[in-house]
Amino acid sequence: MEMESLRNFETICIEVPKVYDFCFQAERRENICTPLNTFVPPAGASVRCNIKNAACSEVSRSEPNASGRSNVTFAVVVTYKLEVLNAEGEVVQTFRNLTFSFTKTVVLCAPEGTFTNCEIVNAACGPCLILGNQICCTFDLCIVIQSVAIVKILIPSFGLNDNTE
């Protein structure tokens, strides 16, 4: 290392998120059913499902044990739309702003001072079937959960190379 580089050396402090724990959860919810009420589907009808929004957030956390592990519970809410199609593929009925929700508990290293991030990175619905006077669907969610804290770290910096001579 050149002497010039050593003269420009300094220690800087930066704030960064430190990930304490991370997990991926594949969640399948079957038989999420929506009543048809008074609507009678035509013969040969099929159903198309579209997920409009899927979100999760922490709702509770146990006290961390000696190693920092906690049971962390998340609320998951899914908003979706169903379209009933006739045999020719034309939409004959739409059910909008339908929702279902559930809780999901995971064990995370989440000591005091951490917060959690929960994100649904992928979601799909189907197949959907008309069963009697209701439509029942299967939903698949890919959930990424992490516990994080903002920490300060000191790192060596050699600054910018000053060639103004």
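Guide: Asn-97 lies in strand 4, where a strand is a DSSP run of E at least two residues long, numbered from the N terminus (helices would be runs of H or I of at least four residues). This is a predicted model, so local features need pLDDT of at least 70 and side-chain atom pairs count only at pLDDT 80 or more, while totals for chains, interfaces and linings use all residues. Residues are numbered from 1 along each chain as its sequence is written, and side-chain values use heavy atoms, leaving out hydrogens and water.

Back to our residue. The phi of Asn-97 is near 50°, a positive value in a residue other than glycine. Asn-97 also counts as exposed, at 66% relative accessibility. Here, buried means under 20% relative accessible area, exposed means over 50%, and partly exposed is in between, using a 1.4 Å probe and protein chains only. Asn-37 sits in the loop between strand 1 and strand 2, and is exposed, with a relative accessible area of 63%.

Now for the sheet around strand 4. Three strands form an open, antiparallel sheet in the order 2-3-4; two strands pair if DSSP finds at least two bridges between them. Strand 2 (46-61) and strand 4 (91-109) are at the edges with a single partner strand each, so one side of each has no neighbour in the sheet. On average, neighbouring strands here are turned by 15° against each other, direction ignored. (Axes are lines fitted to C-alpha atoms, for helices over the stretch in contact, and angles run from 0 to 180 degrees between N-to-C directions.) Strand 3 (residues 69-85) pairs with strand 2 over 14 bridges in the antiparallel sense, with Ser-46 opposite Leu-85 in strand 3.

Strand 3 also holds Thr-73, which is buried, with a relative accessible area of 14%. Its neighbours include Ser-57, Val-59 and Thr-103, not counting residues up to four places away in sequence; contact means heavy atoms within 4.5 Å. The side chains of Thr-73 and Thr-105 make a polar contact at 2.8 Å. That term covers a pair of N or O atoms within 3.5 Å; within protein, one must be able to donate a hydrogen and the other to accept it, and residues adjacent in sequence count only if both atoms are side-chain atoms.

Strand 1 is joined to strand 6 (residues 134-157) by 23 bridges.

Finally, the disulfides, meaning pairs of cysteine sulfur atoms within 2.5 Å: the whole structure has four. The sulfur atoms of Cys-49 and Cys-125 are 2.1 Å apart, and this link is left-handed, with -120° about the S-S bond. Cys-49 lies in strand 2 and Cys-125 in strand 5, so the pair ties together parts 76 residues apart in sequence. Both Cys-49 and Cys-125 are buried. Cys-23 is buried too, at 16% relative accessibility, but its sulfur is 8.5 Å from the closest cysteine sulfur, in Cys-118, too far for a bond.
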